[in-house]
Amino acid sequence: MRLSLLRITGFRGAKGTVELVLPAGFAVICGRNGSGKSTLCDAVEFALTGQLERYLYETDKGDKVTEKGESILDYVWWRGPGLVVGEPEVTLGIMDDDGKEHLFTRGRSGLTRGSEEHLRELVCVATRATPKDLSDVSRTTLFRDEEITRLSVDLPEANRFSFVRSAVGFGGFSPVESTAQEAVALLRNRANRIQGEYEAVRKEVGALTARLSELRSRTSQAGDTSSAELLVKQTLSVTEPPPDDGSLLVRGRQGVAVLRTQTDALVRGIRALEEVERRMAEVRTDTFRQELSKLESSATALAEQLETLSSQGEQLSATLSNYQRTEPLEASRAQLVEHGVRLGLVDGTCPLCGSKVSGESFDSHVEELKRHVQSTSATLSAVTRQYTETLENERRVRRDLEAIQQRIAASSGALDLLAQQRAQVIVEVNQAIGSPQDISVEGLKVTLEQKRLALTTLERAVNMLEASQSYQEITDVERELEAVRQRSDALSKELSRAQAARARAQSTADTIHRLSGELMDEQVAALSPLLTELYLRLRPHVDWQEIRYRMRGDVRRFLSLEVGDGLNPRFLFSSGQRRAMGIAFLLAVHLSRSWCRLKTLVLDDPVQHVDDFRALHLAEVLSAMRRKGEQVICTVEDPALADLLCRRLRSTDSEDGSLVSMNYEPGQGVHVESVRAVPQLPRAVLKLA
Amino acid sequence: MNLLDVSREVLSACGYRTHAPSPTDNSLQFEDDALLGFVALHPDVPSILGRWREQQDVFLKSQARALRDAPVKSWNVYSVFLTSAVCPPELWERFVTVEEDFSGTRKLTRHSLVTRDDVVRALYPLIPIQTVVTLSESDARERLRAQLQLPPGALAELLGPGSAKGFANALEVEQ
C-alpha cells in the first residue's frame, strides 16, 4: 500500500490547487526555500490526522496549542492576499495492494470524503496492538528536517521508549492488565467489607458468651423462690398478691434502690448530727464562757481608751486651728526679721518704721523678734506631730475593738447557729426515710442498722428471684449464640475465599506486568539489528562505528542510545552526525511497523547540515529501502542532490519515479513548475563476458 | 574464506549479474538495474592505497564505450576495495579519505574483513536492507496464557470479552 495522490487547494502556501500524482516508486520534490515542499508534507500529515503536530506545543494542562495560544486551524488554510478559488481542502489518495485507489478529503470541518474508521482500517492491521490514532501512522511515516534530531537523539529517554513502543506496535497487555488490576481492587474492597462484618459478628459472639457466663453464674445462686418472694413481700410490706413474678421482682429492685438511698441519707445525717453536737458541747463549756468574758473585758477597755484618744484629738485639733489662724501674722513677722537683718539700720533710722533708734536697740529688737518667730514655729510642729500620732492610735484601737466585738458576736450566736444546723439535718433525714424519727444520734444509728439489715435481706431475695428467671434467658442466649457462631463461620470462609482470590488476582496482574516488560524488551531487541544496520550504512561517525540501545526502569521505561563504552552520542556527535544518527533511528522505527500497511516514507529536506559524503550514504540507504518495495517521497533543496536521488532510487516498470520541481509565485502561492518522469536505467551496460 | 567468492555470492543473491574478468585478477565485475562496478581484493591496506586509482581507471577505460552509451547509469559506478588485513593506525586517515574522493566512481574501502557478515556489511551501499524485523503478537498472547496458570473460567473471563467483575467472581468460585 502506498500514497497515490496529493491534491491541495488553499492549503498552507498554496492559494490555488496543486496536484501531484505520486508514482509507485519514488518522488523527489525539489525547490528553493518557500517553494511549497513542506506544504506538501504538511498536507500528508493533515490529511491523515487533521493536525500539524510540529506547530504545537503542550501546555501544562496537556492542551496542544500554538505559541500565542491560537488554534493551528487559523494557519492551516491560505492566509496570503486574495481569495482561494474553490473550497479549501486536502485530498490524499492511497493505493491498496490490489491497485484500488481510496480517496480521503479533509476540509475545514474534517473529513468530507472517506471516514476516520475507513482510513484507519485501510492503513492499520487490525490487532489488539494497533495504535489508538492515526497520529502514530503520521509520526512514523513523515520525518521533517527540524524534527529529525528532536525525535531521535535529542528525545528524552522515556519518550523515546514510548515512541519505539508505538512504532513496533506492541502496546503491552494494557486492557488485560487493567482488568486484572480492577479485579484486585474489587476483591480488596469485598475482602475489607467481609472483614468488617466478620469483626462485628465476633464482637457479638463475645458479648453473648459473656452474657451466658453471667447468667449461668447467677443460676448457680438460685435458692427457694417462694421464700424469696415472701421475704420481698415482708420487707416491702406488700399485702396484695402481685400479678406475676416479674412484677414482684421489679418492686424488689425498686425497694433495694430505696433502701440504698435511705441508708446513704442516714449515714450522712448521723455524721452531720455528731459534728453539730460536738460543737454545741464545746460552746457549753466554762472555758468557752471564760474566753468570752475576757473578750468582753478587753472590749470595754478598748472602748474607754478610744474615748480618751478621741477627746485628746479634739483638743489638739482646736490648738492646731488657733495656730493656723495666727499663721499669716507669724509669717509677716518672719519677713520683717529677714528684711531687718538684710537692710540693717539706715542713717540711724529704722528702715521698717522710719523712727530714729540706736544701732543696739535696732539689733536687740530684731533678735527678740527672731526668737519669737522660732519659738512659735517649734510649738506648731510639736502640736502637729502629737495630733497625727493621736489620730493613728485612735484608728488602731477602733480596729482592735471592732475585731473583738465580731468575735464576741460570733461566740454569743454559736449556740443558735448550731441549733439551726441540727434542725436542718433532722429535716433532711426525715425527708429521706419518710417518717419522723428519733432525732438522737443513737436513735438514728439504730434506724440505720435496721435499714441495712432490710437491704441485705431484700438484695438476697431479689438475687434469688433474678436467678430463677435466668434459666429461660440462658436458653434464649444459647440459641442466639449458636446462630451468630454459624454466621461467623460462614463469614470466615467467605473472607478466606475473597482473600485468596485477591491474592490470585494480584499475582495475575504482576505476571501480566512482568511479561509485558519482557516482551517489550524482546520487541526492542528485535529492532536492534535493524538499527545497527542502518547506523552502519549511514556511518555518522568515523570513530564510533556501532550503536547499542539500553532499556531500564520498571514502572516508567527508558530507552537510551549508546556508542563506545556507554557514551551518549547526543553530547558526543556534531549536529550533522546527530542528524545522520537520528535518521538511522527513525528509519529503523519506520521499517519496524508490522501493524502498518502503508509502505511509504516521506522525508522533508533530510540533508540540511549533512555533508555531501553522508548525503550520499542517505541516498544509498533510501535505494536499499526502495529495493524492498518502499515508496520514497523526499524533498530536497539542491537540484544536484535531487538528480542523485533520481539516479539511485531505481525507477522500474512497476515502481516508477518522478522529479517534481516546485516554485512560488508572489501573491499566487506555491505551484508545481514541472513533473518529470524518471526513466528506467538501461539494465545491462557492462560487457560481462 | 575467499572474500571475492563471498562477495560474488552476496551480490548475486541481491540480483546482481557478476563476472570475474580473470581467474588470477582477484576482482569481479557486477551490475544490476541501477548500479554497476567492480570488487577488487587486496592483501593489505597499503596495496589498496597504492593501486585503487589505477584499478578504477582501468575499469573505466575498459567500459568507456558502454558507459558513454548509458550516461545516466554511468554516474552509478562503484569501485569496491576489500582486504582481510587490519588497517595500520598510521594509514587510517588516508584509507578513509579514499572514499571521500568522488572523482570517477563511488569508492568503498573496507579492511579487517574476516566473516561473511563482514563482507555483507562492506557491501551495504550496494544491497537491499538485510535485517527483517518480525514481531508477532500471537506469540505474546500464548505466552501470557501459559504463564498465568488460572482456572479455565477465570482465564476465559480475563482474556475474553469479560469484565473485571466477572474475572473476580470466577477467581472466587473456581478455588
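The legends below describe close-up views of a predicted model.

**View 1. Aromatic pair of A:Phe11 and A:Phe46.** Over all chains, seven aromatic pairs are counted. A:Phe11 sits in the loop between β1 (2–9) and β2 (17–21) of chain A, while A:Phe46 belongs to helix α1 (residues 37–49) of chain A, so the pair ties together parts 35 residues apart in sequence. Both A:Phe11 and A:Phe46 are buried. Ring pairs also bring in A:Trp77, giving a cluster of A:Phe11, A:Phe46 and A:Trp77.

View 2. A:Phe613 is buried at 10% relative accessibility, whereas B:Phe102 is partly exposed at 43%.

**View 3. Salt bridge of A:Arg579 and A:Asp145.** The structure holds 45 salt bridges over all chains. In the one shown here, the closest N and O atoms of A:Arg579 and A:Asp145 are 2.6 Å apart. The partners lie 434 residues apart: A:Arg579 in helix α13 (residues 575–591) of chain A, and A:Asp145 in the loop between β9 (142–144) and α5 (157–168) of chain A. A:Arg579 has a relative accessible area of 7% and is buried. A:Asp145, at 13%, also counts as buried.

**View 4. Salt bridge of B:Glu31 and B:Lys73.** The N to O distance between these side chains is 2.8 Å. B:Glu31 is part of strand β2 (residues 27–31) of chain B, and B:Lys73 is in the loop between α3 (64–69) and β4 (77–83) of chain B, 42 residues apart. Relative accessibility is 0% for B:Glu31, which counts as buried, and 1% for B:Lys73, which counts as buried too.

**View 5. Salt bridge of A:Arg614 and A:Asp611.** The two side chains meet at 2.7 Å, N to O. A:Arg614 is buried, with a relative accessible area of 17%, but A:Asp611 is partly exposed, at 37%.

**View 6. Negative surface patch on chain A.** The patch consists of A:Asp612, A:Glu637, A:Asp638 and A:Asp643. A:Asp638 lies in the loop between β13 (631–636) and α15 (639–648) of chain A. With 38% relative accessibility, A:Asp638 is partly exposed.

Definitions and conventions:
Residues are numbered from 1 along each chain as its sequence is written. Chains are lettered from A and ligands numbered from 1 in the order in which they are written. This is a predicted model: local features need pLDDT of at least 70, side-chain atom pairs count only at pLDDT 80 or more; totals for chains, interfaces and linings use all residues. Side-chain values use heavy atoms; hydrogens and water are left out. Patches are made of residues with over 30% relative accessible area and no salt bridge: like charges are joined within 9 Å, nonpolar side chains (Val, Leu, Ile, Met, Phe, Trp, Tyr) within 5 Å. Accessible areas come from the Shrake-Rupley method with a 1.4 Å probe; for residues, only the protein chains shown count as cover. A salt bridge is a side-chain nitrogen of Lys or Arg within 4 Å of a carboxyl oxygen of Asp or Glu. Lys and Arg count as positive and Asp and Glu as negative; His and the chain ends are not counted. The place of a charge is taken as NZ of Lys, CZ of Arg, CG of Asp or CD of Glu. Helices (H or I, at least four residues) and strands (E, at least two) are DSSP runs, numbered from the N terminus. Buried means under 20% relative accessible area, exposed over 50%, partly exposed in between (1.4 Å probe, protein chains only). Rings of Phe, Tyr and Trp (its six-membered ring) pair if their centres lie within 6.5 Å; planes under 30 degrees apart count as stacked, over 60 as edge-to-face and the rest as tilted.
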